[in-house]
Amino acid sequence: MKRIHAASPWKILYEKFDPHEEGLREALCTLGNGYFGTRGAAYESVASKIHYPGTYIASLYNRLATTIAGKTIINEDFVNCPNWLFLTFKIGDGEWVILSPTRILSYRQELDMHKGVLTRKIRLKNKKGQRTLIESSRIVSMADPHCAAFEYIITPENYSEWITVRTMLDGTVLNTGVERYRQLNSKHWKPSSLGGLGRNGVHLSMKTTQSKIETSLAARVRLFVADREKRFETRHLMKGKERIGQEFRFFARQGHSYSIEKTVSIYTSKDKNVKNPTTAAIEHVKRPQRFKALLKSHQQAWESLWEKHDIKIEGHNFSQRTLRLHIFHLLQTASIHNVGIDAGIPARGLHGEAYRGHIFWDEMFAMPLYCLHAPQISKALLLYRYRRLPKAREYANKKGYCGAMFPWQSGSSGREETQVIHLNPLSGKWGPDHSSLQRHVSFAIVYNVWRFWKRTNDFNFLIRYGAEIILSIAQFCSSLTKYDPKDGRFHTKGVMGPDEFHEKLPNSSKPGLKDNTYINLMVAWTLLKAKEIIDIIPHARKERILNRLRISHKELGRWEEITRKMRVIINDKGIMSQFEGYFNLKELDWEGYLEEYGNIERMDRILKAEGKYPDEYKVSKQADALMVFYLLELQEIKELFHRLGYHFDKKMLRKNYEYHIKRTSHGSTLSKVVHCYIAHLLNRPQEAWKWLFEVLKSDLYDTQGGTTPEGIHVGVMGGSVDIVIRGVAGISFLDDRLKIDPMLPKRWKRIKFKFLYKGRWISMSLTKNQVSIHIEGTKGQAFGLPIEINEKLHYLLLDKRYNISLKNKG
């Protein structure tokens with residue numbers, strides 16, 4: 001593949017223009033700041049089979065109705081916002097420049113993750129033989145959430161001629177970035193206002209058709225020669241109904257460079273303290289700064305972020321560069337600017353339109369990065385869920401449950417956005433979609449709240465928001481279960497686990513499954529955490545919240561009973577059944593399908609295209625029964641099993657891993673994250689590295705075959721960071737101590753990072769033989785928790801460097 005040059009651990013470099021890979025590059029080269037993100041599309045491009053310019057603003061959604069096969073389907077989409085990037089030029093009376101492999105003499109595109117800058121350097125030759133060097137730099141400012149800018153430098157190499165530059169703010173954009181959605185209505189905007197700004201500026205305001213969100217952009221364009229501003233010879237304003245452009249003309253001399261700087265501001269009617277987004281956008285660009293000044297403040301903001309978030313790896317350049325790419329995109333998806341925004345984490349970032357920009361359980365995999373480095377971001381993301389508690393209660397009530405049940409797919413309001421039908425791209429047929437039965441998203445929210453509390457000690461958040469979230473979901477958990485006096489156990493039914501391939505039992509007319517192991521265990525775990533919450537919060541507040549939520553002592557007694565009598569199906573060999581009836585399903589001919597199809601990750605689509613159903617087979621999309629081992633510490637799992645009356649030990653973990661991994665197609669990138677972590681738990685370094693390598697290359701090389709161009713996978717990127725912290729570095733965050741038990745890959749010589757834990761910054765450097773620890777604080781004071789290394793507790797002082805030898809695992 002003509003993809004990544006390995007020169008720098010901070011850069012992604014492309015040295016050839018490849019139309020077939022442009023969509024992938026656009027996603028991987030997206031720039032963002034948490035408020036909005038813009039794909040790394042070419043300036044000269046519009047939406048086509050090759051290019052897809054896209055800009056997405058956090059939590060900007062719109063609903064559209066489409067009639068398909070006599071049915072009206074309503075979708076809420078993450079809206080592609082007006083394109084601010086567009087700029088092209090022509091030489092004399094020639095053609096407008098577009099990127100064409102036949103015209104490109106040399107090409108270099110570079111994403112500098114340390115600086116947050118996308119640069120490009122190309123040399124073009126037109127039909128007349130005129131050669132032009134084009135150099136550009138682009139930012140989406142991390143220092144100013146409403147600002148983006150670029151510098152576009154034109155240098156005629158063998159000619160002198162008039163050059164005409166055309167640039168636009170284009171509101172004619174559609175949501176067509178995902179092929180399987182293109183038969184759906186995709187026009188989300190209607191015009192509001194547009195016009196010119198002085199001699200070199202324009203503004204454009206558009207409003208979404210249903211959500212009525214006004215989005216305003218203003219832009220100014222300036223020309224510099226030898227670092228001095230020069231007026232364009234002529235300027236022509238081009239007004240359309242939904243876009244506005246400018247054409248500038250200047251005479252370019254051979255060998256001279258002409259720098260065009262475009263500065264853009266973006267505001268919406270959703271923004272806090274913004275009465276009029278059009279006025280705000282215009283005021284923002286009235287006195288635009290030079291690009292280099294904007295670049296300086298932007299780079300300083302990124303420098304500050306990397307000082308806290310960077311994970312340094314010595315010995316393996318690919319791992320270093322790719323892990324930084326993951327951290328980079330996570331920080332662009334949710335940043336400090338999200339603190340003032342009512343937004344969750346879209347599963348595909350601010351990078352594309354896949355999954356319609358909805359929020360799933362993927363945030364559970366991404367949250368560790370924020371919890372351990374920027375807890376204010378985690379808090380903002382959890383408050384997105386808290387504000388949607390009323391909708392979650394409505395949803396639970398609608399489905400016959402109590403408490404709060406969060407939707408599998410969430411968008412603007414918190415209602416269920418999952419569709420009831422889904423297109424199989426292999427068969428071309430529409431079929432029912434029961435994925436909304438994945439009730440485990442609510443347990444993921446409890447897990448996120450609980451983890452945030454345990455790692456930050458933010459008691460104020462717990463009593464003001466977190467307790468209500470957990471207790472409300474606990475009410476739902478209780479109502480999801482039903483006691484059966486025949487076996488003396490509580491059961492669940494009508495649910496789907498993370499697997500997603502299995503929607504019901506074969507020959508069953510009702511969707512949903514009974515006693516999914518992961519769901520049942522998380523029900524019991526959630527209720528245990530709810531009981532702990534009740535013990536933690538002050539008595540007066542406890543009484544108020546229990547009364548407000550109408551949680552009676554009788555209900556609390558039921559919670560206690562469920563935590564002791566929840567059913568988990570385990571056979572006589574110690575294998576946990578994914579759900580009731582799983583062991584009776586047919587085995588799949590894995591070797592035969594692999595030989596026939598090559599890539600069998602989406603076995604569900606393959607089977608349905610053959611007229612078969614995955615419900616009939618022991619085939620899972622991703623880790624399901626094993627998920628609990630990724631989330632909870634082994635000691636906690638052992639205690640949970642014991643409380644429920646079941647035996648558990650590490651041998652059982654090994655047997656279940658070996659059984660279920662043979663029956664999993666890994667159709668989700670998250671599956672590889674979970675199996676990687678479990679391989680670390682089982683002390684299998686070669687296997688753990690194999691999984692980690694798969695996790696790292698999944699988006700960089702689009703290993704799922706065409707999904708990454710539609711948006712990066714936030715879950716796998718966050719999961720890679722979590723694996724490095726909890727797996728490679730081996731850090732366990734226990735109630736009474738930190739435990740460090742690292743297992744570095746063979747080629748990794750050292751790993752260095754810092755994290756914020758219970759208000760203290762802890763810096764660590766680990767090799768295979770030694771761990772070095774420094775805890776920031778007042779010199780001489782003791783750290784509040786002991787740290788366990790080599791099965792020995794160490795009580796460390798603040799502001800002192802400790803070097804501790806490690807036992808050789810070999």
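Strands, as named in these legends, are DSSP runs (E) of at least two residues, numbered from the N terminus. The model shown is predicted.

**View 1. Ala47 in a loop between two strands.** Ala47 lies in the loop that separates strand S3 (36-38) from strand S4 (55-57). Its relative accessible area is 48%, so Ala47 is partly exposed. Apart from neighbours within four places in sequence, Ala47 makes contact with Tyr52 and Pro53. From Ala47 to Lys312 the C-alpha to C-alpha distance is 38 Å, and the two are 265 residues apart in sequence.

**View 2. An open sheet of five strands.** The strands follow the order S20-S27-S28-S29-S32, with antiparallel pairing. Strand S20 (312-314) and strand S32 (801-805) are at the edges with a single partner strand each, so one side of each has no neighbour in the sheet. On average, neighbouring strands of this sheet are turned by 20° against each other, direction ignored. Strand S28 (residues 760-766) is joined to strand S29 (residues 770-775) by five bridges, and Ser763 stands opposite His774 in S29.

**View 3. Aromatic pairs.** The count of aromatic pairs is 42. The ring centres of Tyr56 and Phe78 are 5.5 Å apart with planes at 20°, so this pair is stacked. Tyr56 belongs to strand S4 and Phe78 to strand S6 (residues 71-78), 22 residues apart. Tyr56 is buried at 0% relative accessibility, and Phe78 is buried with a relative accessible area of 0%. Trp453 and Phe459 form a tilted pair, 5.9 Å centre to centre with 55° between the planes.

**View 4. Charged ends over rings.** Arg324 has its charged end over the ring of Trp10, 3.6 Å from the ring centre. The charged end of Arg348 sits over the ring of Tyr355, 4.9 Å from its centre.

Note on methods. Residues numbered from 1 in each chain as written. Predicted model: local features only at pLDDT ≥ 70, side-chain atom pairs only at ≥ 80, totals over all residues. Heavy atoms only, no water. Pairing = 2+ DSSP bridges. Helix = DSSP H or I, 4+ residues; strand = E, 2+ residues; numbered from the N terminus. Axes fitted to C-alpha atoms, helices over the stretch in contact; angles between N-to-C directions. Buried < 20%, exposed > 50% of the residue type's maximum accessible area, 1.4 Å probe, protein only. Contact = heavy atoms within 4.5 Å. Phe/Tyr/Trp six-rings, centres within 6.5 Å; stacked < 30°, edge-to-face > 60°. Lys NZ or Arg CZ within 6 Å of the ring centre and 35° of its normal.
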